[in-house]
Amino acid sequence: MQSWSSPGVPELPGRGPELRLYDTSDRQVRPVTVGTGPGAVAGMYVCGITPYDATHLGHAATYLTFDLVHRYWLDAGHDVRYVQNVTDVDDPLFERADRDGIDWRELGDREVALFREDMAALRVLPPHDYVGATEAIAEVVELVEKMVAAGAAYTVEDEYPDVYYRADATLQFGYESGYDRETMLRLFAERGGDPDRPGKSDALDAVLWRAARPGEPSWPSPFGAGRPGWHVECAAIALSRLGSGLDIQGGGSDLIFPHHEFTAAHAECVGGERRFARHYVHAGMIGWDGHKMSKSRGNLVLVSALRARGVEPAAVRLGLLAGHYRADRFWSEQVLAEATARLRRWRTAAALPAGPDAADVLARLRRYLADDLDTPKALAALDGWVTDALEYGGHDTAAPRLVATAVDALLGVDL
């Protein structure tokens, strides 16, 4: 699947401290270990969209989070292998296509194209591999075959013989989320699971291969015609592109369970690894009007709609970075106004012929980002330099350009 164009990432002098991020499974901030040091390839898998509607600010906040990780790794001297999927075959896509009276493929193609436009406008670095589920059918089938052979999967004897994963196939199942069974069952039912399906060995068992139903697309397999389950799609794509033991599995906090828990379990049960990823990283939710932003509530703030209003994407980016990535937070017109004003001040300072020495603010910017992507402190540090530059001036003619380059390279904002 075609990705989007990449903005240039300028190089900065020096290096920052080691990146430390909060790990969901360990419930603490700890170092992100990549290979054997500078020059090692960093592997990151971030779950992509189900393309049945346009990109909203909740999506944008998630992808900006991992864009910061991507940029920090590049600044640290690492090559980055970033993989992202597109769930381009799933029930929500079919339902929206039926409602709108269009082919599900046409709907998916349209929304993926809009997503690419939004990501390019926000200057999010594109993934190295951008893979649709429909492009990975053979990989999914191969992975499911391995799980069946290992006794980690079984077929429900029914009119529709779906293949299910056994939630107890790995001893460590549940370590990523840390949730108790009651919470798992509740979230499983709310987020695409089918705990009440007759014939399952356990209510938590998750579908790997959904047998063909009338009116649904399907592909041939040793288990009969059908299509991939949600979680196995990401496991297959990640394993085939990155292998086991990738550095980061990432997404929004609403994916912790069941999606990321099962994705990790699918990979672990066939590879024998204790952990699918060295780090599990999750971004908080963005709200509007007192509620989480979601399609079901109809309270979405769309990136494309903001762009159509003439809002500069750089201001959207700064508005989202004003809050910590792990925090659930609200978007508002006030947030946007403050971000727009900040952008204007930063650009004014960056255009000065000279300014205060910028070595300290670059060091602080790196230090705050390395400390679990503390963007509020990073933005405050830059605000301080900007205030000094605008109010007191300076004699370093290279400083404004260094600050602008740092903001571009590390925060993705073009001044």
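Q: What should I know about the model before we start?
A: It's predicted, so local features need pLDDT of at least 70 and side-chain atom pairs count only at pLDDT 80 or more, while totals for chains, interfaces and linings use all residues. Residues are numbered from 1 along each chain as its sequence is written, and side-chain values use heavy atoms, with hydrogens and water left out.

Q: OK, at what angle do H10 and H12 pack?
A: About 50 degrees, with the axes 9 Å apart; H10 covers residues 333–350 and H12 residues 375–392. Axes are lines fitted to C-alpha atoms, for helices over the stretch in contact, and angles run from 0 to 180 degrees between N-to-C directions. Helices are DSSP runs (H or I, at least four residues), numbered from the N terminus.

Q: Which residues of H10 make that contact?
A: Arg342, Arg345, Trp346, Thr348 and Ala349. Contact means heavy atoms within 4.5 Å.

Q: And what about H10 with H13?
A: Those two pack at about 140 degrees, axes 8 Å apart, with H13 spanning residues 399–411. Trp346, Ala349 and Ala350 in H10 meet Pro400, Ala404, Val407 and Leu411 in H13.

Q: New topic: is threonine 65 buried or exposed?
A: Buried, with a relative accessible area of 3% (buried means under 20%, with a 1.4 Å probe and protein chains only). Threonine 65 sits in helix H1, residues 57–75.

Q: What does threonine 65 touch?
A: Ala283, Tyr325 and Leu373, not counting residues up to four places away in sequence. Also, a polar atom of its side chain lies 2.9 Å from the backbone oxygen of alanine 61.

Definitions and conventions: Buried < 20%, exposed > 50% of the residue type's maximum accessible area, 1.4 Å probe, protein only. Polar contact = N/O pair within 3.5 Å; in protein donor to acceptor, adjacent residues only side chain to side chain.
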